[in-house]
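Have a look at the model before reading on.

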Amino acid sequence: MGSKTEIFQPPGEEAPLIAGNPDFHAVTDKISRISERKVGRLWYIGISISGSLAVLLFVSIAYLVWEGIGVWGVNNPVGWGWAIINFVFWVGIGHAGTLISAILFLLRQRWRTSINRFAEAMTLMAVTCALIFPGIHVGRIWIAYFMFPLPNQMEIWPNFRSPLLWDVFAVGTYFTASLLFWYVGLIPDLATLRDRAKQKFKKIILGALSLGWRGGNRQWKHYELAYLILAGISTPLVLSVHSVVSTDFAVSILPGWHTTIFPPYFVAGAIFSGFAMVMTLSIFVRKAFNLEDYITISHLEKINKVMLLTGMMVGYGYSVEFFIAWYSGNIYEVFTFVNRAVGPYAWGYWTMICCNVLVPQLFWFKKLRTSIPVMLVASILINVGMWFERFVIVVSSLANDFLPSSWAYYKPTFWDISTFVGSFGLFFTLMLLFVRFVPVIAISEVKGVLPQADPHHHGDAGEGGSNG
Amino acid sequence: MANQSGKVHGLLARFESPGALLEAAKKINAAGYKKFDSHSPFPIHGMDEAMRLKRSPIGWIAGLLALCGGAGLLALQWWSSSVEYPLVISGKPFFSFQAYVPVTFAGAVLCAAFAATFGMLMINQLPRLHHPVFFSDNFNATDDGFFISIEAGDPDFDKDKTAAFLKSIGCVEVEVLQG
């Protein structure tokens, strides 16, 4: 039977999820060792660059707080500049992590186990970067607590009818739920590291973080249901958070913003950009830690297929916007869209179209969607394009609205750019710390999808229908 | 074996594979033991039935708390914008429930997430600093070991008889948890 199962694959079954058929101990060893061994010089080079950029972020924030919002390029009529663009950009990237960890879990897509841990980490780090921007763009960040419904000496309360307040709750909930989901997933793996730790210091830290996990089935029972519930409640968050973000725009009356297509179109774009970021990161992670057997070409190909699908949804969004603008007969609406394509920001618009609509079309070809250099370049271009999408939406609508006398051309300043570049520094610093100290692949979940994890696996002592 | 002296906390038996562990759990359950647990690096499909465990109540806990969280935030929105600080905003009524949906939903999700996480930890009696299975030096259920532990508190527990029983159902080795 052993040889037969290798030849015969049930329909729909593809290559094994984990190549090389390692045993349980080999999985533990391979993944744990990444965070146990001494790190190479590359990691130090990486973290010194990203750490310096993160310092630049904090310097930029300090200067902004000291000097005021005037240090940015925002003015009338463009009152929302890079801060809101970067916020939407980073929140969007986070969505792929939640989709992988929650929706693919509910759909029993077992290939997710290789990438869910660092996709979830990516979510957390990206949402951390995102949360900075609305925090600092209020200008007087010492009164940022006004956003929360706290009793205060002025006896005022936040306006719950405002999408900007919905945002505070949606993104805050998103961050918290993602953090809990990630940590619950980590508990068994932290216990694995704890049981392997040699130094007393490590044993104490990991012992505390793994909360005394001992892998008992009486624990797994509650654990699995809790994980399922966390996946279940994170699933609507994938759709709701970016929908709420889009209402920041859609509830206003500005041409180009005031459209009903915004929520689904934003969600598709978020998943699109997030998968592109997952792709960029996984290419580096699998190369740096020799994880080619765990994150296989088949995994990367599946990510590319998701990008192809969501990329076309985004492309559909771009075309429907144009159609509805024409069909509405509203001259402001028509003008806004024509202006996007041929106006002062046409360079941004066509960058967006090239990166988001044309680049993913490469993935129709199997040869291209299984080629690492192609997907690396494509995934980076897609994220460039998705940043420009938000730039086009935010800036072009504000710069040229109803009254030509109030039009202006928006330009970012040095501090706009340094804050954005700095946020990448913070993101990569956090990601580098994550790959250094935390198992980058969910060890217990990978073991669970190995063929020998099935209690009825052939050649197993417990096999046989007589007792079942 | 780490410690040969001290109180006997139970027995720890190692099995070869997930399938062997599943069969053993069925037999131990059939033999009438109550205070036993099976330890494995990942949840084993069918183990809950083999150990005759009831369904986890976490779903109810999370559901109930989600309702409380949603209701609580809806009440806060109603009270702050209709009673405590009534303001007419874009001509909407004070209690404009459609606009309150996103925040209500966020509150429900937040409470469900906390309930699922901390409810799971509370039911599992975690975090805890120590457990008898950690007296063993060979306990590697977080790596590739499959174990059954039977606690000394079980009415049917007898150090030698239970050890012999565990051997008879096919365990690889038995260890006394002492310390």
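First, the ground rules. This is a predicted model, where local features need pLDDT of at least 70, side-chain atom pairs count only at pLDDT 80 or more, and totals for chains, interfaces and linings use all residues; side-chain values use heavy atoms, with hydrogens and water left out. Residues are numbered from 1 along each chain as its sequence is written, while chains are lettered from A and ligands numbered from 1 in the order in which they are written.

**The interface**

How many residues of chain B are in contact with chain A? It's 73 residues of chain B against 58 of chain A, with contact meaning heavy atoms within 4.5 Å. Together the two chains bury about 5600 Å², 67% of it on carbon and sulfur atoms. Buried area here is the accessible area (1.4 Å probe) that two parts lose on being put together, summed over both.

There are 24 residue pairs in polar contact between chain B and chain A, both residues at pLDDT 80 or more. A polar contact is a pair of N or O atoms within 3.5 Å; within protein, one must be able to donate a hydrogen and the other to accept it, and residues adjacent in sequence count only if both atoms are side-chain atoms. On the chain B side, the elements giving two or more residues are α1 (18-30), β2 (36-39), α2 (47-50), α3 (58-84) and α4 (97-123). Helices (H or I, at least four residues) and strands (E, at least two) are DSSP runs, numbered from the N terminus. α4(B) gives the most, with 17 residues. By type, that side of chain B divides into 45 nonpolar, 16 polar and twelve charged residues. Ala, Val, Leu, Ile, Met, Phe, Trp, Tyr, Cys and Pro count as nonpolar, Asp, Glu, Lys and Arg as charged, and the others, Gly among them, as polar.

**Salt bridges**

None of the salt bridges is between chain B and chain A, though the count over all chains comes to eleven. The rule asks for a side-chain nitrogen of Lys or Arg within 4 Å of a carboxyl oxygen of Asp or Glu. One such pair is Arg117(A) with Asp189(A), at 3.0 Å from N to O. This pair links distant parts of the chain, 72 residues apart: Arg117(A) sits in α5 (116-137) and Asp189(A) in α6 (163-196).

Most residues other than glycine have a negative phi, and most peptide bonds are trans.

| Cis peptide bond | Omega |
|---|---|
| Asn76(A) to Pro77(A) | near 5° |
| Leu126(B) to Pro127(B) | about -5° |

Pro77(A) lies in the loop between α3 and α4 (82-106) of chain A, and Pro127(B) in the loop between α4 and β3 (146-151) of chain B. Asn21(A), which isn't a glycine, has a positive phi, near 40°.
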